[in-house]
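Dear colleague,

Please find below the structure that I am handing over to you. My findings follow directly after it.

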Amino acid sequence: VEDVQSVTLATPGKPVLTLIKRKGNPKADKPDERLDRWLIDQTPNPLVADAARVSDLLNRLAGFRGDPTTDLYGADPKARGLDPAVATTVTIRTQEKRPEGDPDAPVRTETLLVGAPDYASGKLPLQLAGWPRVSLVEDRVSSGPPGADAGWLVPKLFPERVSALFARPPI
């Protein structure tokens, strides 16, 4: 099982946002110090991040699934907004969980390029750095079980899109 150590969101023209997981100490006196925490990497002092929002981001990133019927294998990534100079880059560092006393596992780093959303089709282009395939994933946040038809009302009431996660307002 992989444990996410950090997530970095880099959008050209905006400050880089790095979220770092600080492990809790099960032997700590204070209850807050026993729990794992997510911190926003800031200088000189890191800020505590909203753990629920970080978990939501990680769950959505983990939920991206390619579809062989819609994935593009011979497409030009730059045509989909996946040029590293203009795309949002999401870098995730993970490390395998091991029992206490075992040597630490090596840290793995995966980089995902997020292109410009296609609002007409409701798709968001994604590419794992170094891979030729461009996956077109659903941009709209689903509100029900996978495969369930939400009908016309839910998108009108809850028009949230996954691409909104990567378009951060300036701080």
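Lys123 has a relative accessibility of 22% and therefore counts as partly exposed, since that class lies between the 20% limit for buried and the 50% limit for exposed residues. Please note that this is a predicted model. Lys123 forms a salt bridge with Glu138, and their closest N and O atoms are 3.2 Å apart. This pair links distant parts of the chain, as Lys123 lies in strand 7 and Glu138 in strand 8 (residues 135–138), 15 residues apart. Glu138 is likewise partly exposed, at 46% relative accessibility.

In total, the structure holds eight salt bridges. Some of them share partners, and in this way Asp3, Lys21, Lys23 and Asp36 are joined into one network. Two further pairs may be of interest to you:

- Arg108 forms a salt bridge with Glu110, with 3.3 Å between the closest N and O atoms. Arg108 is partly exposed, at a relative accessible area of 42%, and Glu110 is partly exposed at 34%.
- Arg98 forms a salt bridge with Glu96, with 3.8 Å between the closest N and O atoms. Here too both partners are partly exposed, Arg98 with a relative accessible area of 39% and Glu96 with 37%.

In soluble globular proteins, nonpolar side chains tend to be buried together. The largest nonpolar core in this model has 19 residues, of which Trp38, Leu61, Val90 and Leu126 touch the most other members. At least two residues of this core come from each of strand 1 (2–10), strand 2 (17–22), helix 2 (51–63), strand 5 (88–96), strand 6 (107–114) and strand 7 (123–128). Helix 2 gives the most, with four residues.

Which residues does Leu126 touch, if those up to four places away in sequence are not counted? They are Phe64, Leu82, Leu112, Leu113, Val114, Arg133, Val134, Ser135 and Val137. Leu126 lies in strand 7. Its relative accessibility is 4%, so Leu126 counts as buried, the limit for that class being under 20%. Leu126 and Thr88 are 38 residues apart in sequence, while their C-alpha atoms are 9.9 Å apart in space.

With kind regards

Note on methods. Residues numbered from 1 in each chain as written. Predicted model: local features only at pLDDT ≥ 70, side-chain atom pairs only at ≥ 80, totals over all residues. Heavy atoms only, no water. Core = buried A, V, L, I, M, F, W, Y, C linked by side-chain atoms within 4.5 Å. Buried < 20%, exposed > 50% of the residue type's maximum accessible area, 1.4 Å probe, protein only. Salt bridge = Lys/Arg side-chain N within 4 Å of Asp/Glu carboxyl O. Contact = heavy atoms within 4.5 Å.
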